[in-house]
Each structure stands twice: as C-alpha cells, then as structure tokens.
Amino acid sequence: MKLKKTYAATIVYLLCCGAQAADTALNTPHLQGMDNFRDVAGTTTAYATANDGVMRQGVFYRSNAVTPTPSDLAVLDTLNITSVVDLRTPAEIATTPDTLPTGARYVNVDLIGNSGSTSSITSSLAGLTPAGVNAMMEDGERSFVTSSYARQGLNEVFRELAGADGAALFHCTAGKDRTGWTAAILQSIAGVGSADIMQNYLATNEYTAARINATVAALPPSVAETYRTLMGVQASWLQAGFDQILISYGTVDNYLKEGLGLDQATIYVLRAKMVRYAQLPGQQSFTGNAAAGAAFLNALQDSPLSGRYTAYNYYLQSAIDGGSLGGMEKRIGGQVYADAASYLLRAPSQINDKLSPWIAGNTLAVGSASVWMTGMDSYLGTDGNSARSSSNEHSAGAIVGSTWRANEQISVNGGIGYSHGTVSSNADEIKTNSTFITLGGRYALRSLQDGPYGTLQGTAGYVDYDSERRPGGGFDSARGDSSGQFYSARAGLGWFVPGIVTFDPSLGVQVTHLNLKGLQETNSEVALDVDGTNETQTSLVGNLDIHLKPFTPGSWALTPGINVGYERLLDDAQMTSHASLYGINVDQVSAYNSKNLYKTGINLSATTGNLTLAAGANVLAADDSSTGFNGTLTASYAF
C-alpha cells in the first residue's frame, strides 16, 4: 500500500514510534499491577548505540503479565500500544489472562512449550539450592539458542514486532527470562553496548524488589533463598545465552539469520524502529547540495519511511553498516530542478543572440521584407565540485519569422519558434518543450546601414516539461511534469560602421521572467513535492560583430565574420529549488553559478539573388568552469 505523504502522516508516525532521540531522559511510567513494565530503550535514560545512535523511547515495552489496575490501564491507553505479544504457554495464559490496552492486537507466541507448565517448574525446584537454580536458568537461556522450538518462536516474535503499526508490548509471566532474552536480542540488534544490555536485564531485580521481598517473607526459611534467586535474575544467566550464541553461531548476526531465520530487511526494520542516528556516515564533512541531501536523509528517519519495509529503510540501514551514503546525498534532493530553472532563465538570451543578424533589416531595400528560418543547437556543461554535482544542458529548435524594412531608419520583425531542451545532473533528467513568439524592431538615427541605432525585442513563451529522477539505491525513478511561461525583453544601443570591414558593436539590457508551476513527483517512495519557480534575471549584454567585405566566387557572394560577446548577470546567477517530503524540506542549488558568460564565434553567409544561406558557431565559457557551444543554420529569402 502506497504511503500518503502528508504532514498528518508524519505526526501520526512520530506519535506511534516515539522518535525522541533528542531527549534521552525516559519518562516510562511505573505501574502498580505490572511492576516489571518498562521501556526497552532504557531505565532512566535512553541507551546510546553504535554509529552515533540513541534508542527511541515508546517503541517497544517489556513487562510481566499484563494485569493492570484500572489506573494502570488508563496509563497504558496513552502509550499507543497497538500490539501485545504474549510469550507464555497456554497453561500460564489460562491462569492469568491479559487485560489489553484499548485497541491493541493480541498475539500469543509460546517460546518454551510444555516445559513451562506450573507443575513442571514446581517439580524441578524440589531440593534445589540457589546454585542449582543458577545452573537451571543458565540452561534455560542457552535453550533460546539451541532449541529449534524457541528459535521458531523468536522468529515469529521479531517479525510481529517489526510489523507493529505503533508501539508494541511483549511479556511473559515474570517479565524476566523469556522477556529478558527478547529484550537483550532487540538491544543487540540496535547496537546497544553489552554493559547497558546487562544493566537492563538486571533491572528486574530493582523493579520487582518489593514483590520478591513480600513473597520470600512468607516462605519457610529453608526455601526462601532459592525462591529469591528464582524470582530475580543473575548476570550469569544472560551471559550463558550469549556465550551459547558464540559457540553455536559465532556472532549475533549469524544467530539472527541462521538460527532464527530472520532476513536482513526485518533486522533493519527492527533497528530503525528502535534507533535514531544523530549523524549519518560522512555527514559532517559534506558541503552544499550534498550537505542538504544528507540532512534530508537524516530527517527522513522521523518519517513513515523509517522503521518499515521500505526501500529508504533498507538503504539507510545498509549505509549505516557500510559507513557511506554511497553518493545518495547528492542525488536525493533534486538538483536537476534548480538546473532546469537556471537553463530556462538563460535560454531567451541565446534566442536573441541567434536572431540578431536576421531581425536587423539593414541588408534589405527600403520597403522590402524577408522571411527566414533559423535552426538552433546548443550545449553547455558545468563541472561539479564538493558543493554541487555537474550538469549538462542541450537544446535544439527552430524559429520562423519575417523582417520588414519600413524606411531608411526603421525595421520591424516577428517570429514563432520551438525549442526542445534536456537538462541532466546526477543521472536525473528534465525534458523541456518551449513554444514562443518574438516581436521587435530597430530604429536608426540616420540609417540602418550607417550610424547609431536602438533595438527593442520581446519574447514570450510557454514551457511544458517532464522530469525523471533516478536516485538509485533501491529507489524507483520519480517522475513529474509541470508547465509555465517565460517573458523576455532586450533593449540595446549600437553603432553600425560600414566599410571594407564592417563593425557592429552593441550594448543592451536583457530581462527574463520565468514562472513555473510546482509539481508532485510520483512512482517512488522519495517522490518530492517541488515548489514552483517565480524568478526574474537581469543582465547586461555586449556584442561585437565584424564582417569582411564579401567575395564572389561565381554567382554567390560570401561574407565571413566573427563575433565576440559578453553577458554579465546583475542578479544571483545560481538558482535554488525547494522541495519537500513528509513536510521535510530540501533545497538544492544549480550547478551553473557564473555572473560572467563569454562568447566567441565565426559565421559565414552566402547570397545569390534574393536567397541567403548562413551558418555560425560559437564557443561559450563561464567563470564556474561552464563550457559549451551553440550553432545556427539559417535560410532567408528577400522579396
């Protein structure tokens, strides 16, 4: 079943799983009718674990038989206990049935079978000394490792606990032997140190001291110490069980997998339920987008993706074990959305650059017009660094338009175009499809063919784009789509200098506004809610076009030229994307982060009669190691 990504879901999860790693003080209530009731996370404070973790309180509770007083039951009803796992035999249950918290699901998993009957235990105590009790109980703890019956039962117990929707309570009769072993194994899975595991085990003697003293006081002196030993716990008992694990399986992990038959996913679910890690592997050393991604992965420990059978849970716990996030810190946040916004904001300036030779009108006779079609292709790549990943932009398209020279001083133009773009970073990809119109004109003080002039060009377009993020790490690809508009205007001044070599320097201001809708990704556990983009960029644009005198092989007039350009952004060059999952935010910045873009290129036009064919190519370079090229092919016909 797909999990809904809502703030409410996050709140419910936090209430269910008690993710309170920031406050290690435990506030587990002491219950009158269940004196051995306590949190597996610790006694007074939550236990620290391996890999900079802390036990979460309110996840798993351990107890003796569930026989609460009315006031106890009222307290239990506040703890969100949705599962009660009873480890006792049918005979024990018949003698003292559980009183369940409201709404709790009851499961019985007998761990010891007939050996746990009252008559069996009573008869085995006949003639025993405290030393004999110790030996018997050590054998009992070893049986949790050696007995196939107990191992099968523990498999069921841990799977039940892993699948619990909220907090879970497990217990036996006294809450010390079967319950103590189960708690110790859970704490081992969590990575709690052996001293704390033993402290938690021995805490039974403190929690049940009043009951033990009262029971022993009523017994004959000859059996008092034997019963006192039996009703409590000894360190040697639990140690015997762990020693047997080493003998039989070598490690606790082998015991879990080979002895109990638990799969890695279940072990990881249990561990994530119990532990919150303060820092993920390498997190403190990350910068920029990687730091934001690692913080996002960290925060998702408190989301419904954690402590369940999810790809996120398996990935993160594997990363904890492996000591590395495996590059996921760079891929998870969706840098490609920032890269796409950066690309779309800069695209209209490139369109204006490519149109400039065909909208001038200075090669037309007064009163005549031309129709033209320009094919465009461009690429820009930005190298990555520790703060951001590399990105690549590629676009191709065409513009069809017309220019009319109204008189000696004025020309006007208009056109319609289409561009397909691809923006990629971290194996993620956004494909854009833009349709646009452009309108403008040029006014010269003396003549379009000589002297100073002014230009004004406006472009407006519609953008539709589809995204696909491929985070890897066991996550499915996340897909999304959005749409929006862009508006661009360029105003400039220039001076056309005719001669054997013509010079056409110009200086202008380019303003572009981009408005994109937000989107909701789908198809992946880590599908993001991505905020929309509403950004304006302003830049200064300078160009110098130089053309040589045409030469005429045959019926064609060939005109070679070079052009040099410079664009200076006046606003922040780096775009930021904002996204969230379960109310947890992640921001990413674009790879492109240069206020200065340099352009240089060559072009060649060939004219015969009214037909002109032209080609041009430019090299692009920016201060942030961004490099690329663009090219045009144009056909124009004057009439």
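## Stop 1: a buried valine

Select V157, which sits in helix α6. Helices here are DSSP runs of H or I with at least four residues, strands are runs of E with at least two, and both are numbered from the N terminus. The model is predicted: local features need pLDDT of at least 70, side-chain atom pairs count only at pLDDT 80 or more, and totals for chains, interfaces and linings use all residues. Residues are numbered from 1 along each chain as its sequence is written, and side-chain values use heavy atoms, with hydrogens and water left out.

Is V157 buried or exposed? V157 is buried, at 0% relative accessibility. Buried means under 20% relative accessible area, exposed means over 50%, and partly exposed is in between, with a 1.4 Å probe and protein chains only.

Now show what surrounds V157. Leaving aside neighbours within four places in sequence, its contacts are V85, L87, V109, L111 and T182. Contact means heavy atoms within 4.5 Å.

## Stop 2: α5 against α6

Select residues 130-146 for α5 and 148-162 for α6; their axes come within 6 Å and cross at roughly 70 degrees. That angle makes α5 roughly perpendicular to α6. Axes are lines fitted to C-alpha atoms, for helices over the stretch in contact, and angles run from 0 to 180 degrees between N-to-C directions. Under 35 degrees counts as roughly parallel, over 145 as roughly antiparallel, 65 to 115 as roughly perpendicular, and the rest as oblique.

Show side chains. From α5 come S143, F144, V145 and T146; from α6 come S148, A150, R151 and L154. By class, this contact has 4 nonpolar, 3 polar and 1 charged residues. Ala, Val, Leu, Ile, Met, Phe, Trp, Tyr, Cys and Pro count as nonpolar, Asp, Glu, Lys and Arg as charged, and the others, Gly among them, as polar.

Keep F144 on screen. Ring pairs join F144, W181, F242, Y249 and Y255 into a cluster. Rings of Phe, Tyr and Trp (its six-membered ring) pair if their centres lie within 6.5 Å; planes under 30 degrees apart are stacked, over 60 edge-to-face, and the rest tilted. By this rule the count is 10 aromatic pairs.

## Stop 3: Y268 and Y314

Select Y268 and Y314. This pair is edge-to-face, 5.1 Å centre to centre, with 70 degrees between the planes. Y268 lies in helix α13 (264-274) and Y314 in helix α15 (311-322), so the pair ties together parts that are 46 residues apart in sequence. Y268 is buried at 6% relative accessible area, whereas Y314 is partly exposed at 39%.

The axes of α13 and α15 come within 9 Å and cross at roughly 85 degrees. That makes α13 roughly perpendicular to α15. On α13, pick Q264, A265, Y268, V269, R271 and A272; on α15, pick N313, Y314, Q317, S318, I320 and D321. The α13 contact with α15 has 6 nonpolar, 4 polar and 2 charged residues.

## Stop 4

Select I430 in strand β12 (428-444). I430 is buried, at 0% relative accessible area. Beyond four places in sequence, I430 touches V336, Y337, A340, G421, T422, V423, Y465, D466 and S467.

Move to T422, in strand β11 (410-425). At 18% relative accessibility, T422 is buried. Its contacts beyond four places in sequence are N392, E393, H394, E429, I430 and K431.

Then take A427, in the loop between β11 and β12. A427 has a positive phi of about 70 degrees although it is not a glycine. A427 is exposed, at 51% relative accessibility.

## Last stop: colour by confidence

Colour by pLDDT, the predictor's confidence in each residue, from 0 to 100. The protein chain averages 94, and 95% of the residues score at least 70. Select residues 1-22: pLDDT is below 50, and this stretch has 47 contacts in the model beyond near neighbours in sequence. Select residues 116-123: pLDDT is again below 50, with 6 such contacts.
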